[in-house]
Structures are given as structure tokens and as C-alpha cells.
Amino acid sequence: MTAIKHALQRDIFTPNDERLLSIVNVCKAGKKKRNCFLCATVTTERPVQVNVVKVKKSDKGDFYKRQTAWALRDLAVVDAKDAVKENPEFDLHFDKVYKWVASSTVEKNTFISCIWKLNQRYLRKKIDFINVSSQLLEESVPSGENQSVAGGDEEAVDEYQELNAREEQDIEIMMEGCEYAISNAEAFAEKLSRELQVLDGANIQSIMASEKQVNILMKLLDEALKEVDQIELKLSSYEEMLQSVKEQMDQISESNHLIHLSNTNNVKLLSEIEFLVNHMDLAKGHIKALQEGDLTSSRGIEACTNAADALRQCMNVALRPGHDMLHAVKQQQQRFSDLREQFARRLASHLNSVFVQQGHDQSSTLAQHSVELTLPNHHPFHRDLLRYAKLMEWLKNTDYGKYEGLTKNYMDYLSRLYEREIKDFFEVAKIKMTGTTREGKKFATLPRKESAVKQETESLHGSSGKLTGSTSSLNKLSAQSSGNRRSQSSSLLDMGNMSASDLDVADRTKFDKIFEQVLSELEPLCLAEQDFISKFFKLQQHQSISGTTNEAEEMDGGTLSRSYASSIPQTVSSEKDMIRQMMTKIFRCIEPELNNLIALGDKIDSFNSLYMLVKMSHHVWTAQNVDPASFLSTTLGNVLVTVKRNFDKCISNQMKQMDEVKISKKSKVGILPFVAEFEEFAALAESIFKNAERRGDLDKAYIKLIRAVFVSVEKVANESQKTPRDVVMMENFHHIFATLSRLKISCLEAEKKEAKQKYTDHLQSYVIYSLGQPLEKLNHFFEGVEARVAQGIREEEVSYQLAFNKQELRKVIKEYPGKEVKKGLDNLYKKVDKHLCEEENLLQVVWHSMQDEFIRQYKHFEGLIARCYPGSGITMEFTIQDILDYCSSIAQSH
């Protein structure tokens with residue numbers, strides 16, 4: 001193995017600047033035994049790289065070649081299989097697991113030990129050794145073991161040091177002086193020994209010669225010591241003489257220190273007194289303003305505000321340690337606390353009276369708004385109260401209990417006031433929607449019970465004739481029901497001799513304007529109140545509020561808790577929640593009133609849900625852009641859900657009515673009512689939803705309705721007895737296609753193509769079915785001819801068949817002179833005219849298609865005669881021009 005190791009070092013590793021440290025003869029486990037060597041090597045250059053190299057004997061000769069190399073840092077696990085019993089197998093875990101069987105257990109153990117030592121010396125990442133005997137994993141190798149493995153060679157390399165230039169020069173000089181040393185080492189050693197003895201003797205003589213000088217030096221040292229003793233005696237006498245002077249100087253220094261300390265204390269005391277006087281002294285004018293200040297005038301409010309700020313600064317001053325122990329400070333703090341409590345109580349009482357007074361003053365203005373669809377303006381009320389905004393901020397920071405009480409009282413008074421205003425406002429809106437009037441009556445200014453309002457509303461509904469039974473025009477399934485509705489609408493609105501469609505448009509336009517006006521009045525009312533609440537009660541509406549005063553930027557937030565909060569929450573979310581709570585309490589009647597108005601509009605005409613969906617969506621979108629979590633946005637969003645349900649209900653009702661439609665068995669079908677109604681719905685919806693935010697809802701409704709229309713048309717066509725199925729399908733799908741082409745609804749492009757395809761297919765089917773075979777005997781004759789050709793008879797030989805000879809063909813052609821053909825076409829035109837309706841005006845289209853089909857059949861017959869009876873001179877008794885003349889004459893005569 002040693003010879004192999006030297007050979008590998010010489011042939012493979014030395015050219016690569018590597019040293020071979022350990023080697024093991026192995027073969028792969030479980031395979032045919034092809035031996036190779038695993039070598040542990042290190043590079044001779046730094047930094048040292050440690051590798052495990054697989055070396056294999058070449059198949060073409062006795063030399064070895066390097067096959068695979070792995071970096072030792074990539075080795076994760078060394079598995080020796082068994083730590084107790086001798087086992088030549090072991091695994092090395094690199095990028096995958098390599099299983100090896102060593103030629104002997106000793107070689108395996110030596111190799112694993114070398115790997116462990118290299119890992120300890122060169123790698124930061126430690127390799128896991130499993131199932132390995134602890135005796136192999138040792139830092140040092142016993143002296144008796146083979147030092148050539150790993151550590152020994154490395155240490156030898158580390159201990160070797162090269163000679164420097166001077167050492168080499170000295171050795172060369174020595175060697176030149178002793179040339180014979182190369183041939184006679186013993187003589188050279190003896191000469192060096194003699195020279196060393198001569199040098200030792202010279203050193204001893206030199207030491208003995210210097211003894212006399214040493215003695216002289218010792219005498220000089222003794223004399224120096226005596227001089228030092230004399231100097232120390234003189235210094236001691238001088239120190240005794242200066243002792244009294246030192247004591248006097250110490251006394252003077254201590255006296256100066258005490259004087260300096262006294263002055264320092266006086267300065268500090270004066271600073272503390274000045275601090276307390278400057279920061280805890282409230283001016284007499286501020287005290288008077290807090291105790292007796294006028295809270296009704298602007299000047300008095302300003303004086304009270306300045307005094308309250310001064311009091312807050314005095315109470316919030318950061319006292320230094322020990323100040324709170326002073327009796328005067330305690331007295332001043334108690335005085336400030338009494339002033340704060342007294343002023344807070346007086347301010348809360350005054351603001352409560354202002355809330356009550358303003359509520360009564362506002363109620364007196366309700367009469368002028370009772371007949372107009374407008375809401376009273378609260379701007380003067382807000383303007384007067386905003387003068388107290390800074391005082392509210394002071395109250396919020398100093399006495400949160402009274403601040404909370406004021407917010408509750410404000411909500412109580414204002415909720416009752418807004419409830420009266422909003423209910424009267426919605427009553428006016430309902431009256432304007434229904435078209436009724438109340439002569440000689442005015443809205444009450446006092447709060448009314450909800451049941452009374454409801455009863456009054458129901459009486460209004462009852463006075464409008466058959467308003468509760470009116471429906472949209474999509475509910476008209478027959479001319480009778482349409483007439484009833486129109487008469488009801490005419491009696492309801494009293495609009496003279498206007499047509500029903502004009503009444504529908506007038507009703508819906510009127511409703512749209514009223515509903516928009518209602519929303520337009522409510523939106524600024526809520527926004528103004530929310531803005532006032534945030535400014536007056538010092539609550540933040542958004543993460544960062546621009547355009548407010550410096551005081552507003554420093555506001556503290558809080559929730560409506562019952563107990564006084566010593567540390568008020570300052571999070572924006574809690575203040576926004578408080579604004580929403582207050583708005584919800586104040587405007588609690590808006591959502592139910594809006595829902596009642598929406599229900600009334602839907603009851604008047606289900607088409608009103610389209611207008612409401614567009615208007616409500618726009619206002620919700622606008623409110624969400626301002627603040628998605630605001631009261632207005634939330635409330636309008638909830639109402640939008642109701643409007644969307646009504647819209648979906650309207651669509652579902654139309655689909656249900658389509659499914660339940662019945663047709664007369666004795667009259668032509670024509671354009672089905674729900675097809676015309678879909679056209680009316682689509683035209684109306686397109687005008688309403690132009691540039692609307694909720695276009696997606698309409699598109700979904702379109703898809704549902706058009707699919708229901710398609711299904712219902714199919715159903716009616718299948719059940720029709722008077723009108724052929726193809727005519728019902730052709731006319732109605734033509735109408736649908738024309739409607740979709742005119743309205744250009746992008747989401748119904750596929751349905752438009754489908755309608756056109758169905759119209760075209762059923763037109764062709766009806767033409768073929770109705771036209772049939774106008775030249776019946778001639779058709780039968782040529783069908784026989786085509787059958788013979790199909791059986792293999794050549795076309796020019798068909799005339800030799802007895803049943804299809806020229807005489808038989810002439811006999812059949814004579815039975816169809818031009819006069820008979822024209823008569824048959826005239827009967828066909830009358831038949832088609834009976835089937836088709838006048839509304840869609842498809843008679844000429846169908847007649848032209850029949851003309852084309854008849855000409856096609858004629859050309860087919862002529863082609864067969866030319867191919868099967870060539871040179872016979874046989875022709876039809878009428879020409880294509882005759883057919884065109886017949887069809888044109890028949891169409892003009894009718």
C-alpha cells in the first residue's frame with residue numbers, strides 16, 4: 001500500500017500541487033467488484049483546500065487516473081455502519097449517498113480517522129460521524145502510531161523553516177574555512193571543540209579582571225547612601241515646621257467651601273421659587289373670567305378660553321421632585337382644582353341650555369320648509385356653537401365625564417330635532433311622488449309618533465286611486481291589462497289626454513328628480529353635521545386632517561364610556577368610531593325613511609328601481625371617496641343593498657311573467673308582448689345607466705332577461721297553433737336582433753349574433769316549408785331522374801329509360817303552363833300574408849326569399865334537362881323572367 005501511495009503522490013497529486021494524506025482501497029457496495037482508491041488530499045498552497053479524490057486504475061495500462069473529486073466541505077455525514085464490530089462497509093454523504101466496502105477494516109478506520117482530523121483542523125462546518133468508535137475520534141495521535149497520516153506530515157511541514165540569507169552566508173564562510181570537514185567530520189568537530197574551550201577561558205579571565213572595579217563601585221554606593229540619610233533628616237525637620245501652616249490652610253479652605261455651598265443653595269432656592277411663581281400663578285383676570293365670565297358674548301367666550309388654557313397650563317406644569325410636598329403648592333393645586341371643577345360645571349350647564357334653546361329655535365323654522373322639498377339649514381346653529389370649540393377641547397382634556405355628558409345631551413336634543421325635520425321632509429317627498437296634495441294642512445312642529453306618520457302615509461296612498469295596484473309596463477301581458485294601467489295612471493296624475501307612454505316617461509322623470517333631490521338634500525346635511533361634530537367635539541375624521549387649527553391637530557380622542565377616563569384614547573380609529581356612533585344616534589331615522597321611500601317608489605312603478613339604483617350608486621360612490629367608513633357612506637351602502645334587491649326582484653318578476661305568458665289560440669301571435677317589453681326596458685335602462693357606476697348590475701340583468709326572452713319565445717313558438725312555429729321564431733328574433741343592433745349593448749353581442757342566426761335559420765326553414773314543391777309532378781319526375789343517376793346510369797342515357805324518356809318529360813312540363821304557376825304563387829302569397837304580422841313588416845323579405853328559392857329550383861330543373869336530355873330542345877313553358885314578373889305582379893296587387 002505504501003508503494004501505491006508513493007506512486008499516486010508522484011503521478012497524480014504532485015503535478016496538481018497536492019499532498020496525499022490517507023488512502024483506502026474500496027469497491028462499491030452491492031455491485032460487481034471493481035476496485036478503486038479513495039484518497040484524502042490537501043493542497044500545498046494557502047488557503048488549504050481539502051478534497052476526497054476517487055482514483056481508478058486505467059483499463060488500457062498500469063497507470064492510475066483521477067476520476068472524481070469532492071470537496072471535504074460538501075461532506076455532510078460519515079457512516080461507519082457499526083462502532084463495535086469490525087465492518088469494512090462505510091457511507092459518505094455528499095450531494096448523494098456513496099456506499100463503499102473497504103479492502104480491510106484497518107484501512108477504513110485509518111481513512112475515517114484522517115477525515116476526522118482534517119475536519120477538526122480545516123473546516124468550520126463539522127461533519128457528523130455516526131457509528132464510529134470513539135477511539136478513532138481523538139485530537140492527538142499516540143507517538144507510536146503512524147505519523148504519516150494527516151497530522152504527522154502536516155506538523156513536519158509546519159516545523160520546517162528555511163535558512164535566511166545571512167545564515168547561509170555564515171555557513172558558507174565556515175565551510176570555506178574548513179574544507180576538510182566534508183571529508184573528515186571528526187577532525188572538524190575536534191577543531192570546533194578546541195575553539196570553544198579557548199573562548200570559555202577568555203570569558204573567565206575577563207570576569208576575574210573586573211572584580212577590582214566592582215569593589216570600587218560598592219564603596220561609591222555606600223557613600224551615596226550616607227548622603228541620602230542626611231537629606232532625609234533635613235526634610236523631616238522642614239515638614240514639622242510646615243505642619244502648622246498646613247492646618248491653617250485647611251481651615252481656610254473648608255471655610256471657603258461652606259461659603260460657596262451656601263451661595264449655591266441660595267441660587268437654587270431662588271430658581272425654585274421663581275419656577276413655582278412663574279408657572280403656578282394664575283392672573284386675577286383669568287380667575288375672574290373662570291368664575292364670572294360671560295359665556296354668551298364672543299368677547300366673554302374668548303376671555304374664558306384664554307383663562308381655561310392658562311389654568312390648564314398651571315395644572316399641567318411638570319413639578320420637580322419635592323415640590324408636591326410643599327404646603328403652598330398643595331394649596332395652589334387645590335385652588336386650581338376647585339376653579340376647574342367650578343368652570344367645567346358652569347360651562348356644561350350653559351352648553352346644555354344652548355342645545356335646548358337652539359333646538360327650539362330651529363323648530364320654529366320648520367313651517368316654511370313643510371311645503372318645499374328642502375331641509376332646514378343648520379349652519380347658523382353650527383356657527384354659534386363653534387365659538388365654544390376650544391372650550392370643548394379644554395373640557396375634554398380636563399373633565400372627560402362632563403364632556404361625555406354633553407355629547408349625550410347633544411345627541412338626545414339633536415336626534416329629536418332631526419327626526420322631526422327628516423320625517424316631514426320625507427312626507428313632502430312622498431306627496432310629490434304620489435301627486436296628492438293636502439290643502440289647508442301644515443306639518444306639525446312637535447314630534448309625532450311613528451304610527452301617526454305611518455297612518456297618514458297610508459291614507460295618502462289610499463287617496464291616489466289604484467296606485468297600489470299599478471305596475472310597470474313590463475307587467476302588461478295583453479292590451480286589456482295595458483289599457484287598465486293607462487287609465488289608472490291618467491286618473492292618478494290627471495294629465496289630460498296624454499298618451500300612456502308619455503305618462504310613463506313623465507312619472508319616471510318626476511320620480512327620478514324627486515329621488516335625486518332627496519339624496520342631494522340629505523348628503524350635505526349629514527356631511528355638514530359630521531364636520532361640525534368633528535370640529536366642535538374635537539374628533540378626527542381622517543388619518544390626517546388638513547385645513548384645521550393647531551388646536552385641532554392636538555386633539556385627544558375617546559369613546560362614550562360612563563366612567564371618567566384618566567388617560568383618554570388617542571387612536572384615530574376610536575375617534576372615528578365615536579363620530580359614527582354620534583351620527584348614527586342623531587340620524588337614526590334616515591335609513592328607515594329612505595327604505596320607506598324606496599318601497600313607495602317601487603310600488604308606484606317597478607321601473608323606478610332602475611333610477612334609484614343609479615342615483616344611489618352614484619351617491620354611495622361619492623361618499624366612499626370622501627370617507628369609506630363614514631356614517632353617510634355606511635347608511636347609503638345599506639340602502640343601496642335594498643335598492644339592489646328591488647332591482648333584482650323587478651328582473652325576477654319580468655322573467656316569471658315571461659314564463660307564465662299565455663297566447664290566444666284563435667289569433668296570430670306576432671311580436672310577443674315580453675319581446676316588445678324587453679325593447680322598452682332596454683331602451684329605458686340604456687338612457688338611465690348612461691355613464692353609471694353600477695353598469696355591471698344592468699349587464700347581469702340583461703343576460704338574465706335576454707336568456708329568459710329566448711326561452712319564452714321558443715316555448716310560445718312550440719305551443720302556437722294559429723301561427724307556424726318558424727314564423728313566431730323568425731319575427732320575434734328579427735325584432736330582438738333589430739333592438740340589440742339599435743341599442744348597441746356591448747354585453748349582448750353574443751346574444752345579438754344568436755338572434756340573427758335564429759332569425760336567418762327560421763326564415764330559411766319557413767321559406768322552404770311554405771314554398772314546398774310548387775311544381776310537384778315535375779319534382780317527382782326529376783327526383784326519379786336523380787335516383788337513376790345515383791344508381792350508376794350515365795346522365796345522357798337516362799332518356800332511354802321508359803319511365804323517363806323525352807315524351808314523358810314533355811307530358812309533365814305541359815301540366816305547368818305559366819298561368820298555373822302564377823296562380824300557385826298567388827295562393828302562396830296569400831298564405832304567407834295570413835301568417836305574418838304587420839308590426840314587423842317581413843312580408844316582402846319572406847316573399848323575396850321564396851322567389852329566390854323558386855328560381856333556384858327552376859335552375860336546377862333546367863340543368864338536369866340540359867345534362868340528361870341534350871339536344872332535345874325541351875324547355876319549361878315559363879322562364880325566370882316570367883317568374884320575376886309573376887312575383888312582382890302578385891306583390892303589387894296585394
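Which residues is V846 in contact with, leaving aside its neighbours within four places in sequence? In this predicted model, the partners of V846 are M730, L763, Y766, V767, V832 and L836.

Start with the overall picture. The protein has 894 residues, and 42% of them are buried. Its secondary structure comes to 30 helices and eight strands. Take the contacts with a separation of 6 or more: 69% of them link residues 24 or more positions apart.

The largest nonpolar core holds 174 residues. V846 is one of the four that touch the most other members, along with Y410, V518 and L778. Helix α13, residues 400-434, supplies the largest share of this core, with 14 residues.

Return to V846 and its surroundings. V846 takes part in the contact between helices α28 and α29. Helix α28 spans residues 818-835, and helix α29 spans residues 843-868. Their axes are 11 Å apart, and the packing angle is about 145 degrees. The crossing of α28 past α29 is right-handed. On the α28 side, the contact uses V821, L825, L828, Y829, V832 and D833. On the α29 side, it uses L843, Q844, V846, W847, M850 and F854. By class, this contact has 10 nonpolar residues, one polar and one charged.

V727 counts as buried because its relative accessible area is 0%, and the cut-off for buried is under 20%. Not counting residues up to four places away in sequence, V727 touches Y766, H835 and L836. Y766 and L836 are also among the contacts of V846. V727 and L836 are 109 residues apart in sequence, yet their C-alpha atoms are 6.8 Å apart in space.

Helix α24 also packs against helix α22, residues 673-688. The two axes come within 10 Å and cross at roughly 5 degrees. Angles under 35 degrees count as roughly parallel, so α22 and α24 are roughly parallel to each other. From α22, the contact draws on V675, F678, E679, A682 and A683. They meet N732, H735, I736, T739, L740, R742 and L743 of α24. The contact of α22 with α24 divides into seven nonpolar, three polar and two charged residues.

A further helix pair is α19, residues 590-604, and α21, residues 631-659. Their axes are 10 Å apart, at an angle of about 25 degrees. These helices are therefore roughly parallel to each other too. α19 passes α21 in a right-handed crossing. I590, E591, L594, N595, I598 and D602 make the contact from α19. The α21 side brings F631, T635, L636, N638, V639, T642, V643 and N646. Seven of the contact residues are nonpolar, five are polar and two are charged.

P592 belongs to helix α19 as well. Is P592 buried, exposed or partly exposed? P592 counts as partly exposed because its relative accessibility is 39%, a value between the 20% and 50% cut-offs. From P592 to T635, the C-alpha to C-alpha distance is 10.0 Å, across 43 residues in sequence.

Finally, look at the backbone in the loops. Where does P47 lie? P47 is in the loop between β2 (36-43) and β3 (50-57). A cis peptide bond joins R46 and P47, with omega at about 5 degrees.

Two further loop residues have a positive phi without being glycine. D17 has a phi near 60 degrees. D17 lies between α1 (2-13) and β1 (18-28). At 39% relative accessibility, D17 counts as partly exposed. K744 has a phi near 55 degrees. The loop that holds K744 runs between α24 (725-743) and α25 (749-771). K744 counts as exposed because its relative accessible area is 66%, and the cut-off for exposed is over 50%.

Terms used:
Residues numbered from 1 in each chain as written. Predicted model: local features only at pLDDT ≥ 70, side-chain atom pairs only at ≥ 80, totals over all residues. Heavy atoms only, no water. Helix = DSSP H or I, 4+ residues; strand = E, 2+ residues; numbered from the N terminus. Buried < 20%, exposed > 50% of the residue type's maximum accessible area, 1.4 Å probe, protein only. Axes fitted to C-alpha atoms, helices over the stretch in contact; angles between N-to-C directions. Parallel < 35°, antiparallel > 145°, perpendicular 65-115°, else oblique. Left-handed = near helix turned anticlockwise from the far one by under 90°. Contact = heavy atoms within 4.5 Å. Nonpolar A, V, L, I, M, F, W, Y, C, P; charged D, E, K, R; others polar. Core = buried A, V, L, I, M, F, W, Y, C linked by side-chain atoms within 4.5 Å.
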